[in-house]
Amino acid sequence: MISITDVSVPAEAEELVLSVLRSGHLAQGPRVAELERAVAELVGVEEAVAVSNGTVALIAALQALDVGPGDEVITSPFTFVATVNAVLAAGATVRFADIRRDDQLLDVEAIGPLLNERTKVLLPVHLYGQAVDMAPLMSIAASHGCRVLEDAAQAHGATCGDQRAGSFDVATFSFYATKNVTTGEGGMVTTSDGELADRVRLLRNQGMRERYRYEMVGYNYRLTDLQAAVGLPQIAHVDELAARRRANAEVLDDGLADLPGLHVPVQHEGRRHVFHQYTIRLDDEAPASRDELAAQLNARGIGTGVYYPRVVGDYDCFAGHPSVVPDPTPTAVEVAAQVLSLPVHPSLSPSDLQTIVEGVRAAWGRAV
Ligand SMILES: *Cc1c(COP(=O)(O)O)cnc(C)c1O
């Protein structure tokens, strides 16, 4: 079976984890600080604050931005549920701007009609590893006087213009097991706003500045040195790992681009896609539906994934939620039935890629 995900950590991590175990310092300590410096340097920001996972990173960032009841946050309906759960956990109201059909990313032009005096944060999601078009989004935020929180959970090392994803205002990353960089569970908030980073650090540690001096109501959002040791060697190699994903994507593009009704991932000029997922879209011209193709590939030993089968607002728990505005997003609803992710991870061999291309082409009755 060719799996849709592969969790393999560089061998250097083993040494590092062992040294943490032997140091007797297992909780947040020097390795977490090292991971924070490495991520800040990679992303090109002043501050990176490690937290226990990507969801908590979003919650902490929103809390540090003082987002709460009465405030609105505009995001994509086509995202992992954590994006929406975090806004609700902060007590704010969720608004959905529709996505673009071609790249499945938040449509910056759909933000305008949702803006009002309650809008506090724009929350773009760099879905599948490609950044949202940040320049126009930043100018909307600037002219409306709201902040921008990038959900870069899937976009370690991605770029947008001459900047890295995660460097525009405030951003969050996830180091969950299947993400491009993993610590098992883990997350990070990045920003060059020193005061904001300071608030995230306080929130992370019970609101405590120094021992038993509490400055705000906080929580325990900490990461451990054991986890940081797993992540450090991956941050060092993040561009190399992304290059392998990109090379795999190119092989898939070459093998699939001529199939009618199949759209390979769009890669925008000036935005380096790091291929957390390689997601094809099937339209009505395709000979099989998305689900039929997935079943055929599965029968050939090729794992696939659907990210995501429904828009978040479509589930009862969100559709009926008093803090989720039912903004219509017809493109996202349509696209959710069309997308299929194929394996693209760095551990794929050339013959795996060949098998994937052959498997997809077979559904079109075409040889390689
Ligand atoms: C994974 C993910 C998260 C949440 O990260 P966790 O570390 O799993 O809590 C948030 N947003 C997006 C888009 C994700 O893919």
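The legends below describe several close-up views of a predicted model.

**View 1**
An N or O atom in the side chain of K179 lies 3.1 Å from an oxygen atom of the ligand. Taken on its own, the ligand has 380 Å² of accessible area, and the protein covers 94% of that area.

**View 1. The salt bridge between D327 and R95.**
A search of the whole structure finds 24 salt bridges, and one of them joins the side chains of D327 and R95, with an N to O distance of 2.8 Å. Because D327 lies in the loop between α10 and α11 (330-336) while R95 lies in strand β3, the pair ties together parts that are 232 residues apart in sequence. Both partners are buried, D327 with a relative accessible area of 13% and R95 at 12% relative accessibility.

**View 2. The salt bridge between R361 and D258.**
Here R361 forms a salt bridge with D258, and the closest N and O atoms are 2.7 Å apart. R361 belongs to helix α12 (residues 350-363) and D258 to the loop between α8 (238-256) and β12 (262-263), so this pair ties together parts that are 103 residues apart in sequence.

The side chains of E117 and R118 meet in a salt bridge with an N to O distance of 3.5 Å. E117 counts as exposed at 71% relative accessibility, while R118, at 39%, counts as partly exposed. Salt bridges that share partners join E117 and R118 with E72, R95 and D327 into one network. N116 is placed in the loop between β3 (93-96) and β4 (119-123), and its side chain reaches the backbone nitrogen of R118 at 2.5 Å. With 14% relative accessibility, N116 counts as buried.

A disulfide is a covalent bond between the sulfur atoms of two cysteines, and a search of the whole structure finds 0 of them. For C146, which is in no disulfide, the nearest cysteine sulfur is that of C160, 17 Å away. C160 is likewise in no disulfide, and the nearest cysteine sulfur to it is that of C146. C146 is buried, with a relative accessible area of 8%, and C160 also counts as buried, at 9% relative accessibility.

Most residues other than glycine have a negative phi, and most peptide bonds are trans. Y128, although it is not a glycine, has a positive phi of about 65°; this residue is placed in the loop between β4 and α5 (134-144) and is buried, with a relative accessible area of 3%. Q206, another residue other than glycine, has a positive phi near 60°. The place of Q206 is the loop between α6 (194-204) and β10 (208-210), where Q206 counts as partly exposed at 38% relative accessibility. The peptide bond from Y307 to Y308 is cis, with omega near 10°, and Y308 is found in the loop between α9 (290-299) and α10 (316-319).

V51, in strand β1 (residues 47-51), is buried with a relative accessible area of 0%. The C-alpha atoms of V51 and G187 are separated by 5.0 Å, although the two residues are 136 residues apart along the chain. A64, which is placed in helix α3 (residues 54-64), is buried with a relative accessible area of 5%. From A64 to A197 the distance in space is 8.0 Å, C-alpha to C-alpha, while the two are 133 residues apart in sequence.

**View 3. A nonpolar surface patch.**
L18, L21 and L26 make a nonpolar surface patch of about 250 Å². L21 is placed in helix α1 (residues 12-23) and, at 47% relative accessibility, counts as partly exposed.

Technical notes: Residues are numbered from 1 along each chain as its sequence is written. This is a predicted model: local features need pLDDT of at least 70, side-chain atom pairs count only at pLDDT 80 or more; totals for chains, interfaces and linings use all residues. Side-chain values use heavy atoms; hydrogens and water are left out. Patches are made of residues with over 30% relative accessible area and no salt bridge: like charges are joined within 9 Å, nonpolar side chains (Val, Leu, Ile, Met, Phe, Trp, Tyr) within 5 Å. Accessible areas come from the Shrake-Rupley method with a 1.4 Å probe; for residues, only the protein chains shown count as cover. A salt bridge is a side-chain nitrogen of Lys or Arg within 4 Å of a carboxyl oxygen of Asp or Glu. Helices (H or I, at least four residues) and strands (E, at least two) are DSSP runs, numbered from the N terminus. Buried means under 20% relative accessible area, exposed over 50%, partly exposed in between (1.4 Å probe, protein chains only). A polar contact is a pair of N or O atoms within 3.5 Å; within protein, one must be able to donate a hydrogen and the other to accept it, and residues adjacent in sequence count only if both atoms are side-chain atoms. A disulfide is a pair of cysteine sulfur atoms within 2.5 Å.
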